[in-house]
Amino acid sequence: MPASTRHHRALAVFVHCLGILAAVPALPAAAPDAAAAPRPPAATRPTAATAPPGATAAPATTPGPAATPRPSATTPGVRTSAPAGVTQPPVAVLARVAAEPTPPSAPPAVAPPSRGPAKAPPQQVTVAVAPESSPAPRYRIQVRNVGNAPVDTTVRQELPPGSSPTAISAGGRSTRAGGSTTEVTWRLRLPAHSTTTLGTALAATAPGQPLTAPTCAFTSDGARPFDCATATWKAAAAPAAKVSEAPPWRRYPVLLAGLAVLLLVSAALVWVWRRRRGRRVTAAALATSGGPDAGRGTIYPRPAAPSTARRRRTPPVWLVVGAAVAVLAAIVGTAGWTATRQVSEIDTQKQPTSGAWMGTGVTGPVGVPLRESAFEFTVYGMSCGAPGTAGKPADGGATPPNGRRCQATVGVRNVTGDHQPWHSQLQRAYLPGGRWVSTDESATRAANLGRDVFADPMAAGTRMVLPLVFTVDGRDQPQQLELRSGVFSAGVRVHMP
């Protein structure tokens, strides 16, 4: 063999060895757990393929429970060398490759689940309130148990301030809830899928004044509300008297304008009369006075005598001053009348928006739904404990010495088409003197049976009735509640009785 051919073959073998060594690290490595586990015995091999040429096939035996596989080349961790002259059959090689464990694949990239909107828990007890058409305020209350088991509930109806009940359905009693507010309470046991109808009648405090009475159904201990509803009684509308406009001669702008026109016309007539009178006097004087050549004629024309320039007549000063005074009086009177009407149309009961960017601030009493940019809030009532009964908060914070907790029952409805978040720090209770406190998060979570009502946004179109707890100090109760959906929302304010 020529030397050049031997060199080429040696170089080719060297290159192939380098390629094999470079490909060895890329081979999949067996997992440690898979390498430590015993490898199952190879599959049944065909006798004709596994036996060497010229050997006699051994009879096949059925493996029994007592048969133990003897260690062979398929056992991992034990490397045995095959006898010289014996070649591994291709079927055994395929079985070993199939038995090799494959490396685990990487988990698929999945985005973390997004926080879904909160949904109101199903209500087991529902409340509906409707006013009756009667001369005196009357309300009809329907309490329904939609569950499959009996429920013990406490129904409370908060009467308008200053009103008193005249008739209460069986089982109800009226109590003084504090201040000028009266509360009617029923303790009921509702069978499954049943409806109970209650009723109250009130003494009218002022004829024709609308009265709103919210009603809530609570648990048997009166701590957590099932559902709430409200209704406003209005007296029968009397036929409105037809208001006719005042005649033109009784309107101030018309009177002032007519007076000004009358003065101007009178001044113009006086001025015209004086001018005509002056002309007549001058003409009469020229006609009666004779000159030195009066009565004599001549054939020569007389030279035209230069006529004296007459001064232009102007209106008298008193006429100009009077007209100016009349016009000024008309302008001042019209401006005053317009300003008076605009000022009288200003609503002094509206609260400012406090620089809010979205919506207009709305104010109302207890039991009236008030809507802002995203939510519709309805405050059904508030009850406060005795001073010094606030207790220690769950987060370990400090509690005022005379602190007490006031629990407000609030209904929240999402009136938008998308889920909306809201925050506990934006719900405030205002005390006398302008002081305010935010929602006590730990106490509110405990009142809602450990559920954080501010953790998840509200789904579109959902409604929740829940308690909000405020920890205040002193004996004064909150005068207002400010509720809002966001930082830039004007929110609503509810006057507490």
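Predicted model: local features only at pLDDT ≥ 70, side-chain atom pairs only at ≥ 80, totals over all residues.

Colleague: Which residues lie nearest the centre of the second largest pocket?

Modeller: Those are Glu158, Glu183, Gly381, Met382 and Ser383, out of 24 residues that line the second largest pocket.

Colleague: And which elements give two or more residues to the lining?

Modeller: They are strands: S3 (151-158), S5 (172-178), S6 (181-190), S9 (215-219), S14 (375-384) and S15 (403-414). S14 gives the most to that lining, with five residues.

Colleague: You mentioned S14. What sheet is S14 part of?

Modeller: An open sheet of four strands, in the order S13-S14-S15-S18, with antiparallel pairing. Strands S13 (370-371) and S18 (463-473) are at the edges, each with a single partner strand, so one side of each has no neighbour in the sheet.

Colleague: I forget, what holds strands together in general?

Modeller: Strands of a sheet pair through backbone hydrogen bonds, and they can be parallel or antiparallel.

Colleague: How many bridges join S15 to S18?

Modeller: There are 11, and the two strands run antiparallel. To find one of the bridges, look for Gln407, whose partner in S18 is Val469.

Colleague: OK, switching to the inside. Which residues have the most contacts inside the largest nonpolar core?

Modeller: Phe377, Val410 and Trp422, in a core of 27 residues. At least two residues each come from S14, S15, S18, strand S19 (480-483) and strand S20 (492-495). S18 supplies the largest share of this core, five residues.

Colleague: What does Val410 touch, leaving aside its neighbours within four places in sequence?

Modeller: Val410 is in contact with Phe377, Thr378, Val379 and Tyr380, and also with Met464, Val465, Leu466, Leu468 and Leu483. There's a second, separate core too, with 22 residues, among them Val151, Leu159, Trp186 and Trp233.

Colleague: Zooming out, how many helices and strands does the protein have?

Modeller: Seven helices and 20 strands. The protein has 497 residues, and 27% of them count as buried. If you take the contacts between residues at least 6 apart in sequence, 70% join residues at least 24 apart.

Colleague: Now Val487, is that one buried or exposed?

Modeller: Val487 is exposed, because its relative accessible area is 57% and the cut-off for exposed is over 50%. Val487 is in the loop between S19 and S20. His423 is 64 residues away from Val487 in sequence, yet their C-alpha atoms are 9.0 Å apart in space.

Colleague: What about backbone angles? I was told most residues other than glycine have a negative phi.

Modeller: Here are two with a positive phi. His193, in the loop between S6 and strand S7 (194-202), has a phi near 55 degrees. Leu449, in the loop between helix H7 (441-447) and S18, has a phi near 60 degrees.

Colleague: And are His193 and Leu449 buried or exposed?

Modeller: His193 counts as exposed at 55% relative accessibility, and Leu449 counts as exposed at 65%.

Colleague: Back to strands. Which side chains of S2 are buried?

Modeller: Tyr139, Ile141, Val143 and Asn145 are buried and point to one face.

Colleague: What joins S1 to S2?

Modeller: A hairpin, through six residues. Seven bridges join S1 (residues 125-131) to S2, and they run antiparallel. One to look up is Val127, with Val143 as its bridge partner in S2.

Colleague: How many bridges join S2 to S7?

Modeller: Eight, and S2 (residues 138-145) and S7 run antiparallel. Arg144 is opposite Thr195 in S7. S7 is also joined to strand S4 (residues 165-168) by three bridges, again antiparallel. There, Ala167 has Ala201 as its bridge partner in S7.

Key. Residues numbered from 1 in each chain as written. Heavy atoms only, no water. 1 Å grid on protein atoms, 1.4 Å probe; cavity = no way out; pocket = protein on both sides within 12 Å on 5 of 7 lines; lining within 4 Å. Pairing = 2+ DSSP bridges. Core = buried A, V, L, I, M, F, W, Y, C linked by side-chain atoms within 4.5 Å. Buried < 20%, exposed > 50% of the residue type's maximum accessible area, 1.4 Å probe, protein only. Contact = heavy atoms within 4.5 Å.
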